[in-house]
Amino acid sequence: MSDIVEAAAAASDLAQRRSGVAIRQLSREAEFRAACDLLDRVWRPPPGSPLITMALLRGFQHAGSYVAGAYEADRLIGVCIGFLSDAGLHSHIAGVDARARGRNIGFALKVHQRAWALERALTKVTWTYDPLVSRNAYFNLAKLGAVAEEYLPDFYGVMDDGVNKGQGSDRLLVGWNLADPAVAEACVRSHHQAPVPPDAVAGLDADADGLPVRGPLDATCLSVRVPSDIEALRGARPAVAQAWRSALRDILGGLLADGAAVTGFTRDGRYFVERKGDR
């Protein structure tokens with residue numbers, strides 16, 4: 001285990017150098033308040049309803065959970081927060097300042113989180129994400145090597161922040177098996193190209209107007225498409241965005257509930273799913 005811990009720490013150092021940040025655990029009130037402010041700028045909750053509070057971060061940190069920030073010089077530009085759970089660590093929320101996106105800072109935070117967890121003999125991290133957000137699906141499944149475990153319909157109930165308002169809160173629960181050699185490799189590579197199964201049949205696709213089109217679900221391997229930018233679609237065509245939510249819940253959610261497994265995700269917005277008994 002010591003070799004894995006040392007390699008994870010080296011991978012974290014590499015990721016921080018590549019993204020130009022220094023990541024450290026937060027421990028002071030001013031740092032907690034800065035973290036809360038950053039997350040509110042990212043999610044834009046309504047006035048008087050902060051996404052997370054300084055007191056809660058203090059409690060997480062004091063209890064030994066993961067409360068980390070990415071710094072560029074003295075400026076906090078990324079935050080990642082997780083709490084201890086039955087699985088090991090549940091990574092609850094992460095955010096990067098809009099002015100610093102595109103520099104793999106979110107990746108550096110996750111690689112740091114892995115090293116932190118392994119140092120404490122925790123071998124699994126779980127988290128949830130909106131399965132309609134293509135860039136997050138690619139980041140979690142393809143780039144980090146996390147594994148989809150469960151589709152959770154309307155997991156958080158009604159949400160009123162600027163990112164999630166009005167569209168339901170379906171989430172995909174993923175597990176990150178930290179000692180898996182494939183995950184260790186993912187944490188040091190700079191590029192990744194997800195393989196495309198040649199025999200995949202479209203179980204969900206888009207028509208010429210951008211509406212979801214359901215296909216046959218009896219194939220061995222299925223592709224399940226999501227919009228390239230669901231957040232823009234929610235603003236411009238909310239009814240279409242809602243149609244995608246319903247279709248993905250029925251098809252991806254139904255397949256996972258039936259025991260199928262997500263085997264990959266591509267940059268062009270397709271989940272690949274293998275049905276139960278076909279692997």
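**Figure 1. The salt bridge between Lys-124 and Glu-149 in the predicted model.** The closest N and O atoms of Lys-124 and Glu-149 are 2.7 Å apart; a salt bridge is defined as a side-chain nitrogen of Lys or Arg within 4 Å of a carboxyl oxygen of Asp or Glu. Lys-124 belongs to strand β5 (residues 124–129) and Glu-149 to strand β6 (residues 147–152), so the bridge links distant parts of the chain, 25 residues apart. Helices (H or I, at least four residues) and strands (E, at least two) are DSSP runs, numbered from the N terminus. Lys-124 is partly exposed, at 21% relative accessible area, and Glu-149 is partly exposed at 38%. Buried means under 20% relative accessible area, exposed over 50%, and partly exposed in between (1.4 Å probe, protein chains only). The model is predicted, with local features needing pLDDT of at least 70 and side-chain atom pairs pLDDT 80 or more, while totals for chains, interfaces and linings use all residues. Residues are numbered from 1 along each chain as its sequence is written, and side-chain values use heavy atoms, without hydrogens and water.

**Figure 2. The salt bridge between Arg-234 and Asp-130.** The N to O distance in this pair is 2.7 Å. Arg-234 sits in helix α7 (residues 230–236) and Asp-130 in the loop between β5 and α5 (134–143), so the bridge ties together parts that are 104 residues apart in sequence. Both partners are buried: Arg-234 has a relative accessible area of 13%, and Asp-130 has 6%. Through shared partners, salt bridges join Asp-130, Arg-171, Arg-234 and Arg-245 into one network.

**Figure 3. The salt bridge between Arg-120 and Glu-119.** Here the N to O distance is 3.7 Å. Arg-120 is partly exposed at 40% relative accessible area, and Glu-119 is exposed at 57%. The whole structure has 18 salt bridges.

**Figure 4. The second largest pocket and helix α5.** The pocket has a volume of about 320 Å³. On a 1 Å grid over the protein atoms alone, a pocket is an open set of points where a 1.4 Å probe fits, with protein on both sides within 12 Å along at least five of seven lines; lining residues have an atom within 4 Å of a point. Grid points are joined across faces, edges and corners, and the volume is the space filled by probe spheres set on the points. Among the 19 lining residues, Leu-141, Gly-145, Ala-146, Val-147 and Thr-263 are the closest to the pocket centre. At least two lining residues come from each of α5, β6, α6 (181–186) and β11 (261–266). In α5, seven of ten residues are buried, including Tyr-138 and Leu-141.

**Figure 5. The largest nonpolar core around Val-224.** A nonpolar core is a set of buried Ala, Val, Leu, Ile, Met, Phe, Trp, Tyr and Cys residues joined through side-chain atoms within 4.5 Å. This core has 63 residues, and Trp-176, Val-224, Leu-252 and Tyr-271 have the most contacts inside it. Leaving aside residues up to four places away in sequence, Val-224 touches residues including Leu-204, Leu-248, Ile-251 and Val-273; contact means heavy atoms within 4.5 Å. A second, separate core of 18 residues includes Leu-38, Trp-43, Leu-76 and Val-79.
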